[in-house]
Amino acid sequence: MVLETVGRPSSFMESFLRQCGGYAVIDGGLATELERHGADLNDPLWSAKCLINSPHLIRRVHLDYLDAGANIIISASYQATLQGFEAKGISRKEGEALLEKSVKIACEARDIYYDRATKGSWDISGDAPTRQQRPVLVAASVGSYGAYLADGSEYSGIYGDNIGLDTLKDFHRRRVQVLAESGADLIAFETIPNKLEAKAYAELLEEEAVNIPAWFSFSSKDGINVVSGDPIQDCALIADSCEHVVGVGINCTPPRFIRGLIQSIQTVTTKPILVYPNSGETYDASRKEWVPSTGVTDVDFVSYVGKWRDAGASLIGGCCRTTPNTIRAISKTLSRS
């Protein structure tokens with residue numbers, strides 16, 4: 001989807017939100033949906049494993065979310081790193097192709113959705129009929145350095161004294177370059193656990209003159225700081241200062257913390273705020289599984305949506321353990337705004 005981006009980069013998101021009617025719906029959890037369709041993700045590559053052996057399942061999940069009302073679908077590249085692929089015996093060139101493939105699958109799903117949705121749906125109010133299409137963007141996901149480690153450190157943001165700014169920039173650089181040229185509409189830097197990695201992303205976007213916009217999304221476990229303990233305002237300020245960043249927000253965080261985090265972010269930026277919390281369940285990093293029965297139901301989750309919207313969020317979706325049913329309910333709630 002091509003949007004008018006003349007002028008400042010933030011006009012990209014402003015234009016998109018106008019086309020969506022003021023609020024946009026982000027998709028929901030990917031990995032748990034892949035598992036529901038039969039994928040075995042017990043692997044350091046996690047959902048990116050399906051890029052190799054089950055791309056059809058990724059496409060199916062994207063379509064499920066589009067059918068549920070999503071305006072933004074996020075590629076299966078969160079855990080897809082060149083270093084992670086190389087550890088599995090996959091060459092650098094093949095790894096880059098897999099990164100590109102993650103975006104291609106999402107774009108294909110959007111094309112299929114548009115083809116299905118527009119057949120027989122015509123607007124004849126003007127001089128010539130035009131097909132009615134819900135605006136849909138493809139976001140290329142970039143997970144944190146901790147996600148690559150696959151040891152749970154993405155949930156703490158504690159990387160150790162040996163991991164500095166330059167190390168993080170070198171780690172992410174080529175992946176960001178590839179995804180920026182992959183055909184995605186924007187880059188989603190997700191589940192950012194600390195201020196240092198946010199700064200690395202911001203500097204990379206400037207140094208590489210990335211030609212598509214980005215959003216920064218942080219995670220929190222206390223509703224005040226990001227998971228490393230850095231204040232959310234300090235992290236949001238980094239996003240605010242980067243011209244390439246067109247949205248800032250929170251993901252993979254329990255729903256009960258979201259409203260307060262939105263309010264904190266608003267004290268330091270006027271950029272659009274996005275939120276896509278998890279179900280509220282707890283992830284046991286040592287056992288690599290979700291602790292059951294500690295989250296909220298779809299009904300409970302969606303009961304928060306109006307509060308998040310009223311607090312200032314304009315892009316709302318779900319993260320881990322949310323489903324197409326969650327997204328469908330969010331879409332219905334926002335459409336009544």
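Strands β9 (residues 273–276) and β12 (residues 313–316) run parallel to each other and pair over three bridges; pairing here takes at least two DSSP bridges between two strands. In this pair, isoleucine 273 sits opposite alanine 313 of β12. The element names come from DSSP runs numbered from the N terminus, with helices being H or I runs of at least four residues and strands being E runs of at least two.

A word on the ground rules: this is a predicted model, where local features need pLDDT of at least 70, side-chain atom pairs count only at pLDDT 80 or more, and totals for chains, interfaces and linings use all residues. Residues are numbered from 1 along each chain as its sequence is written, and side-chain values use heavy atoms, with hydrogens and water left out.

Now zoom out to the sheet. It is an open one of eight strands, paired in parallel, in the order β1-β12-β9-β8-β7-β6-β5-β2. At the edges you'll find β1 (24–25) and β2 (72–74), each pairing on one side only. Helix α10 (residues 232–241) packs on this sheet, touching β7 (214–218) and β8 (245–251), and its direction makes about 175° with that of β7. Contact means heavy atoms within 4.5 Å, while angles run from 0 to 180 degrees between N-to-C directions, using axes fitted to C-alpha atoms (for helices, over the stretch in contact).

On to helix pairs. The axes of α8 (residues 165–180) and α9 (residues 195–207) come within 9 Å and cross at roughly 50°, so α8 is oblique to α9. The cut-offs: under 35 degrees is roughly parallel, over 145 roughly antiparallel, 65 to 115 roughly perpendicular, and the rest oblique. The contact includes Leu165 and Leu168 of α8 and Leu196 and Leu204 of α9. By class, the residues of this contact split into seven nonpolar, one polar and six charged. Nonpolar covers Ala, Val, Leu, Ile, Met, Phe, Trp, Tyr, Cys and Pro; charged covers Asp, Glu, Lys and Arg; the others, Gly among them, are polar.

Compare α4 (residues 55–68) and α14 (residues 324–335), whose axes come within 8 Å and cross at roughly 25°. These two are therefore roughly parallel. Asp64, Tyr65, Asp67 and Ala68 of α4 meet Pro324, Ile327, Arg328 and Ser331 of α14.

Last, the charges. There are 13 salt bridges in the structure, each a side-chain nitrogen of Lys or Arg within 4 Å of a carboxyl oxygen of Asp or Glu. In one of them, aspartate 43 pairs with lysine 88, with the closest N and O atoms 2.8 Å apart. Aspartate 43 is in the α2–α3 loop and lysine 88 in the α5–α6 loop, so the pair ties together parts 45 residues apart in sequence.
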